[in-house]
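Below is a short briefing on one protein structure. Look at the sequence and the model first, then read the points by topic.

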Amino acid sequence: MSAATTRSRTARTPVPDRLCAEAVDLARAAAEEAAAPGAVGEHVAVVSEGDRVVTHFFECKEPGYRGWRWAVTVARASRAKNVTLDETVLLPGNDAILAPEWVPWSERLRPGDMGPGDLLPTEADDIRLEPGYTGEDEPPPNSAVSEVSQEMADLVDAEDAELTTRPATTSRGSIAAVADELGMRRARVLSRYGLHAAADRWDEAFGAKTPMAQAAPASCVTCAFLVPLAGSLRQAFGVCANEFGPADGRVVSLSYGCGGHSEAAVMPKPPKPAPHALDTMQVDEYPLRPARDSGSVPAEADAPTEDLGHS
């Protein structure tokens with residue numbers, strides 16, 4: 001026998017073992033023991049899994065498992081006549097209803113899913129964040145720059161102590177305000193990617209390309225209800241403070257706009273009715289005979305008429 005013929009016969013599915021294929025009652029009893037009463041249906045198929053190994057398939061009558069099948073695998077030892085049970089499982093068929101592929105929670109999360117008490121931890125390598133002030137750029141000790149940095153740090157500590165003992169707002173331009181702006185009091189700050197992602201998201205929701213902005217009389221940059229942001233985002237975004245506007249309390253682009261603009265056109269005055277063509281309040285006097293001097297033809301002839309010779 002040639003090698004090609006041997007390989008072709010080996011690649012073919014083996015013929016089901018006769019004794020294992022005939023053990024339908026044994027397979028049904030195993031399926032009914034594993035399933036609920038009445039959940040095992042008709043015998044639908046027999047599949048050979050190997051030498052003296054056969055799997056019997058039964059319909060599943062369990063509600064919610066349409067297209068699933070009970071699979072009972074039986075086997076027989078070499079030169080043995082007794083068929084033994086291998087395993088019983090519930091497997092989906094070709095038209096079975098399956099659950100969607102599992103997706104990690106970090107990919108399933110959508111804006112607005114968080115509720116009261118929920119925690120959303122951020123990963124250590126989140127690309128939206130970057131480390132804040134870590135001290136890696138500190139100048140070497142005993143240098144002029146390090147002395148200045150130490151003096152600034154002392155000033156910050158002094159201001160912190162003052163704010164702790166006497167609550168007050170941080171004045172703009174102070175050391176504490178600069179430290180807050182640079183992120184020196186936070187472990188991590190927004191990265192450039194995080195800033196761009198937030199800007200794209202806000203501009204898509206309340207930007208110049210939205211239908212509301214296209215129909216607005218003016219943009220938000222000239223509106224009195226706009227509250228500017230701090231930092232680099234101040235150049236492009238602000239917060240709407242118009243309670244009647246569609247973006248009240250939302251971050252809007254400076255190029256966004258709506259009908260609630262503070263400098264929109266004033267309310268039109270009520271239309272003034274047109275005057276009546278006929279005055280019904282005045283009495284018109286009509287004489288019975290026209291006046292002598294009112295017609296174009298004189299009432300009396302200027303000269304005697306001449307005889308024209310007509311008969």
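Does Lys61 count as buried, partly exposed or exposed? Lys61 counts as partly exposed because its relative accessibility is 49%, where buried means under 20% relative accessible area, exposed over 50% and partly exposed in between (1.4 Å probe, protein chains only).

This is a predicted model, in which local features need pLDDT of at least 70 and side-chain atom pairs count only at pLDDT 80 or more, while totals for chains, interfaces and linings use all residues. Residues are numbered from 1 along each chain as its sequence is written, and side-chain values use heavy atoms, with hydrogens and water left out.

**Salt bridges**

- The count comes to four salt bridges, a salt bridge being a side-chain nitrogen of Lys or Arg within 4 Å of a carboxyl oxygen of Asp or Glu.
- One of them joins Arg76 to Asp17, with the closest N and O atoms 2.8 Å apart.
- Arg76 lies in the loop between β3 (68-75) and β4 (84-92) and Asp17 in the loop between α1 (3-11) and α2 (18-21), so this pair ties together parts that are 59 residues apart in sequence.
- Helices (H or I, at least four residues) and strands (E, at least two) are DSSP runs, numbered from the N terminus.
- Arg76 counts as buried at 17% relative accessibility, and Asp17 counts as buried at 13%.
- Glu59 forms a salt bridge with Lys61, where the closest N and O atoms are 3.2 Å apart.
- Glu59 is partly exposed, with a relative accessible area of 30%.
- The side chains of Asp126 and Arg128 also meet in a salt bridge, at 2.8 Å from N to O.
- Asp126 counts as buried at 15% relative accessibility, whereas Arg128 counts as partly exposed at 43%.

**The largest pocket**

- The largest pocket has a volume of about 730 Å³.
- On a 1 Å grid over the protein atoms alone, a pocket is an open set of points with protein on both sides within 12 Å along at least five of seven lines, a cavity is a set of points where a 1.4 Å probe fits but cannot get out, and lining residues have an atom within 4 Å of a point.
- Grid points are joined across faces, edges and corners, and a volume is the space filled by probe spheres set on the points.
- The pocket is lined by 21 residues, of which Ser106, Leu109, Leu120, Asp126 and Arg128 lie nearest its centre.
- α7 (192-205) and α4 each supply at least two lining residues, and α7 gives the most, with six.
- Leu109 is found in the loop between α4 (105-108) and β5 (129-131), and Leu109 counts as partly exposed at 32% relative accessibility.
- Leu109 and Leu120 are 11 residues apart in sequence and 9.8 Å apart in space, C-alpha to C-alpha.

**The largest cavity**

- The count comes to one cavity of 30 Å³ or more.
- About 100 Å³ of space lies in the largest cavity.
- Its lining has 15 residues, of which Cys220, Cys223, Cys240, Tyr256 and Cys258 lie nearest the centre.

**A three-stranded sheet**

- Three strands form an open sheet in the order β7-β8-β9, with antiparallel pairing; two strands pair if DSSP finds at least two bridges between them.
- β7 (226-228) and β9 (251-253) stand at the edges, each with a single partner strand, so one side of each is left without a neighbour in the sheet.
- Three bridges join β7 to β8 (residues 237-240), and Pro228 stands opposite Gly238 in β8.
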